[in-house]
Structure formats: structure tokens, C-alpha cells
Amino acid sequence: MMLLPETVRGYIAQGLECEHLTVSGDGQHFEAVIVASAFEGLRSIQRHQKVYAVLGDRMRAEIHALSMKTLTPGEWAQQQA
């Protein structure tokens with residue numbers, strides 16, 4: 001069964017309060033831009049672990065690959081400027 005990017009977006013949004021969240025992908029490989037204040041003070045690997053924790057077993061079962069850009073609201077604002 002092909003997984004929709006919107007479904008993956010929903011999984012992330014359920015477990016992590018995001019200021020901005022986009023997910024694109026082809027049904028197996030996904031790319032996400034996740035902006036959350038929960039990332040404040042965390043290194044990149046810790047931010048990714050937070051997202052993996054939210055996705056849990058789905059990472060093994062449904063989602064084969066997920067590349068992420070994880071940003072704090074401040075970092076996101078700087079990128080948009």
C-alpha cells in the first residue's frame with residue numbers, strides 16, 4: 001500500500017506541535033520540513049530522534065525513508081527572511 005505524504009504529515013502532527021510542517025514523497029521515501037519550538041536547544045540528531053519517537057514502529061513498517069529538515073521557529077524565520 002502506498003503511503004501518502006499527507007498521512008505521514010498527520011502522524012508527525014499528532015505527536016509533535018509544529019509551527020510549520022510539510023511532507024513530500026513518493027509513497028516510500030519522504031522529505032519533511034518540521035518547525036517546532038520543541039527543538040529549541042537540541043542538536044540535529046536529538047531533533048531527529050524526537051521525530052522518530054513520534055513515528056515509532058511506523059518507521060520500520062510503513063515509512064522506508066524519511067529525510068528531515070528540523071528547525072526552531074527562530075531558525076525558520078531566519079531562512080524565510
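Me: How many salt bridges does the structure hold?

Reply: Side chains of opposite charge can pair when their charged atoms come close. This is a predicted model, and the structure holds three salt bridges. In one of them, Arg47 pairs with Glu75, and their closest N and O atoms are 2.8 Å apart. Arg47 belongs to helix H2 and Glu75 to helix H4, so this pair ties together parts that are 28 residues apart in sequence.

Me: Is Arg47 buried or exposed?

Reply: Arg47 counts as buried, with a relative accessibility of 9%.

Me: Which residues form salt bridges with Arg60 and with Glu62?

Reply: Arg60 forms a salt bridge with Asp57, with 2.4 Å between the closest N and O atoms. Both Arg60 and Asp57 are exposed. Glu62 forms a salt bridge with Arg58, and here the closest N and O atoms are 3.7 Å apart. Glu62 is partly exposed, at a relative accessible area of 27%, and Arg58 is partly exposed with a value of 27%.

Me: Back to helix H2. How many residues does H2 have, and what span does it reach?

Reply: H2 covers residues 44-55, which is twelve residues. From first C-alpha to last it reaches 17 Å, close to the 16 Å expected at 1.5 Å a residue. After H2 comes Gly56, with a positive phi near 55°.

Me: Which residues of H2 are buried?

Reply: An α-helix has 3.6 residues a turn, so residues three or four places apart point the same way. In H2 the buried residues are Arg47, His48, Val51 and Leu55. Viewed down the axis of H2, they fall within an arc of 95°, so they line one face of the helix.

Me: What do the buried residues of H2 pack against?

Reply: They pack against helix H1 (5-15), strand S2 (29-35), helix H3 (58-61), strand S3 (65-71) and helix H4 (73-80).

Me: Which residues are buried in H1?

Reply: Pro5, Val8, Tyr11 and Ile12 are buried in H1. Seen down the axis of H1, these residues fall within an arc of 120°, so they line one face of the helix. The face turned away from that buried side carries the exposed residues Glu6 and Gln14. The buried residues of H1 pack against S1, S2, H2 and H3.

Me: In what sense do strands S1 and S2 pair?

Reply: S1 (residues 20-25) and S2 pair in the antiparallel sense, over six bridges. Gly25 stands opposite Phe30 in S2. The two strands form a hairpin with three residues between them. In the turn, Gly27 has a positive phi of about 105°.

Me: Which residues of the largest nonpolar core touch the most other members?

Reply: In soluble globular proteins, nonpolar side chains tend to be buried together. The largest nonpolar core here has 18 residues, and those touching the most other members are Ile12, Ile34, Val51, Leu55, Ile63 and Leu66. H1, S1, S2, H2 and S3 each supply at least two residues of this core.

Me: What is Ile34 in contact with, leaving aside its neighbours within four places in sequence?

Reply: With those neighbours set aside, the contacts of Ile34 include Ile12, Leu16, Cys18, Leu21, Phe39, Val51, Met68 and Leu71. His20, Lys69 and Thr70 are also in contact with Ile34.

Conventions. Residues numbered from 1 in each chain as written. Predicted model: local features only at pLDDT ≥ 70, side-chain atom pairs only at ≥ 80, totals over all residues. Heavy atoms only, no water. Helix = DSSP H or I, 4+ residues; strand = E, 2+ residues; numbered from the N terminus. Expected span 1.5 Å × (residues − 1). Buried < 20%, exposed > 50% of the residue type's maximum accessible area, 1.4 Å probe, protein only. Arc of directions from axis to C-beta. Contact = heavy atoms within 4.5 Å. Pairing = 2+ DSSP bridges. Core = buried A, V, L, I, M, F, W, Y, C linked by side-chain atoms within 4.5 Å. Salt bridge = Lys/Arg side-chain N within 4 Å of Asp/Glu carboxyl O.
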